[in-house]
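Welcome! Take a look at the sequence and the model, and then read on.

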Amino acid sequence: MSDTPFGFGLPPEEPENGDEGKKKDPAGGGQGSGNPFGANPFGFGGLPGMGALGGQGGADNPFAAMFGSLNPNDLGAAFQQLGQMLSYEGGPVNWDMAKQIARQVVAQGTPDGTKDASVGPAEKAAVEEAVRLADLWLDGVTSLPSGASTAVAWSRAEWVEATLPAWQQLVDPVAERVGAAMGDVLPEEMQAMAGPLIGMMRSMGGAMFGQQIGQAVGALAGEVVGSTDVGLPLGPAGRAALLPLNIEAFGKDLGVPSDEVRLYLALREAAHQRLFAHVPWLRAHLFGAVEGYARGIKVDTSKLEEAVGQLDPTHPEQLQEALQQGMFQPQDTPEQKAALARLETALALVEGWVDAVVHEAAKSRLTSADALRETLRRRRASGGPAEQTFATLIGLELRPRRLRDAARLWASLTDARGVDGRDGLWEHPDMLPTATDLDDPDGFVHREHLDFSELDKMLGEAAQGRTEDEGDDKK
């Protein structure tokens, strides 16, 4: 991977059968050699329809490269795409562009040369059987019932399609905060006069986010093995999903039978599904922490004001250059730190619970359970999909040490309180271990824990009483 995600690359070829049942996208463009997880998530990579734009000038001035390297046919497509980018009037992220670029990255294939392909009947059957068996094994190690009403096998393109709604919910709050700042850099009396310029900036900002998100999601599609790899419920509720092509790549050099690899990963997917299906507050808790982080984002308005003041309409790459200089920085406030800590701890608890439960289910049944467990832990430690995605999009890096601490804590809870006592902690967010508890798991395990069921009952009765009193007053 190169150091900058802002160069243009060659247009990828569409897979022969990687998106079965869907219309192929006629646009070119794609990932190129840029790093979709680069240090700055706000710049341009490759825009669709721009053809072969990979010259040396592309990294420094992509617009100059764009117009200096095109034949007449490509030039028309480039102007059309640029017009679409500048005329975008949607939300803070151009999700149409994100989807298009993600699909093109997938079509280009992974660095090892593996191209996407439609999932065949035999692979679908193997995934369905693995999830069925995984759920059967999990029944004996957790009190949470099955959370998967169906099991599906996805191609990479299908993973992109299915997970984009969740990415939108995650990324929009961050992009909204940044986009709002673009309209606040001028005094109110000047904003009306500069309306077209501000509109162009917001359109370009939406395109920049869309391009980078598309690159990241497209690259993730080549690595993830299911719908919950990042510790969040990215797919539709109740649908346990595995990617056979990526599972094959994951287990290629492990020396473990492929059916064991598939079954172990099915255990992890099914365990995640149980947790998110039967802990109703968990999804909102995780996504709310991201929104809390977004509210604390600070924009360096001085750099933005300078960019606006010097912006030449004939050189729109100046805005991109300003964005590359790091005008978006997390605000070092107690609220910002609390939001990051809350999200990091919650994700560690989710992953730690899954790790502990899956190990308990697999250790006596799969000879490779320990090796697969350690492989997945090392994958995280070396920068797996979760770490890269969060570090790129919201500035959060998951610490593998926290995941191991959480797994040890959940295992200790199982020994001390049994399966029901351990899983009962998911009934209320205030019952869960904190970051401090991860530092002292034994202290938490042997501490008397609160029972929130009576408190919830009392609060519900009180709310019902208030409703009835209000009804009587209106009579």
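Let us begin with a pair of helices. The axes of H10 and H14 come within 9 Å and cross at roughly 130°. H10 and H14 are therefore oblique to each other. The crossing in which H10 passes H14 is right-handed. On the H10 side, the residues that take part are Tyr264, Leu267, Arg268, Ala271, His272, Leu275 and Phe276. They meet Val350, Glu351, Trp353, Val354, Asp355, Val358, Ala361 and Ala362 in H14. Sorted by class, this contact has 11 nonpolar, one polar and three charged residues.

Please keep in mind that what you see is a predicted model.

**The wider picture**

How many helices and strands does the protein have? There are 20 helices and four strands. The protein has 475 residues, and 53% of them count as buried. If you take the contacts between residues at least 6 apart in sequence, 80% join residues at least 24 apart.

From H11, the contact is made by Leu282, His285, Leu286, Gly288, Ala289, Val290, Gly292 and Tyr293. From H14, Gln336, Ala339, Leu340, Arg342, Leu343, Ala346, Leu347 and Val350 take part. By class, 11 nonpolar, four polar and one charged residues make up the contact of H11 with H14.

Helix H10 (residues 258-278) packs with helix H5 (residues 121-138) as well. H5 and H10 have their axes 8 Å apart, at an angle of about 60°, and H5 passes H10 in a right-handed crossing. In H5, Ala126, Val127, Ala130, Val131, Leu133, Ala134, Asp135, Trp137 and Leu138 meet residues of H10, namely Arg262, Leu263, Ala266, Leu267, Ala270, Ala271 and Arg274. The contact of H5 with H10 has 13 nonpolar, no polar and three charged residues.

| Helix pair | Axis distance | Crossing angle |
|---|---|---|
| H10 and H14 | within 9 Å | roughly 130° |
| H5 and H10 | 8 Å | about 60° |

**The nonpolar core**

Which residues have the most contacts inside the largest nonpolar core? They are Trp159, Trp167, Leu282, Leu286, Trp353, Trp410 and Trp426, in a core of 94 residues.

Let us look at Trp159 in more detail. Leaving aside its neighbours within four places in sequence, Trp159 is in contact with Trp154, Trp167, Val217, Leu220, Ala221, Val224, Gly226, Ser227, Leu234 and Leu243.

**A glycine in a loop**

Our last stop is Gly238, which lies in the loop between helix H8 (195-221) and strand S2 (239-242). Is Gly238 buried or exposed? Its relative accessibility is 14%, so Gly238 counts as buried, the cut-off being under 20%. Apart from neighbours within four places in sequence, Gly238 is in contact with Gly147, Ala148, Ser149, Thr150 and Gln273. Gly238 and Ala151 are 87 residues apart in sequence, with their C-alpha atoms 8.6 Å apart in space.

Definitions and conventions
Residues numbered from 1 in each chain as written. Predicted model: local features only at pLDDT ≥ 70, side-chain atom pairs only at ≥ 80, totals over all residues. Heavy atoms only, no water. Core = buried A, V, L, I, M, F, W, Y, C linked by side-chain atoms within 4.5 Å. Buried < 20%, exposed > 50% of the residue type's maximum accessible area, 1.4 Å probe, protein only. Contact = heavy atoms within 4.5 Å. Helix = DSSP H or I, 4+ residues; strand = E, 2+ residues; numbered from the N terminus. Nonpolar A, V, L, I, M, F, W, Y, C, P; charged D, E, K, R; others polar. Axes fitted to C-alpha atoms, helices over the stretch in contact; angles between N-to-C directions. Left-handed = near helix turned anticlockwise from the far one by under 90°. Parallel < 35°, antiparallel > 145°, perpendicular 65-115°, else oblique.
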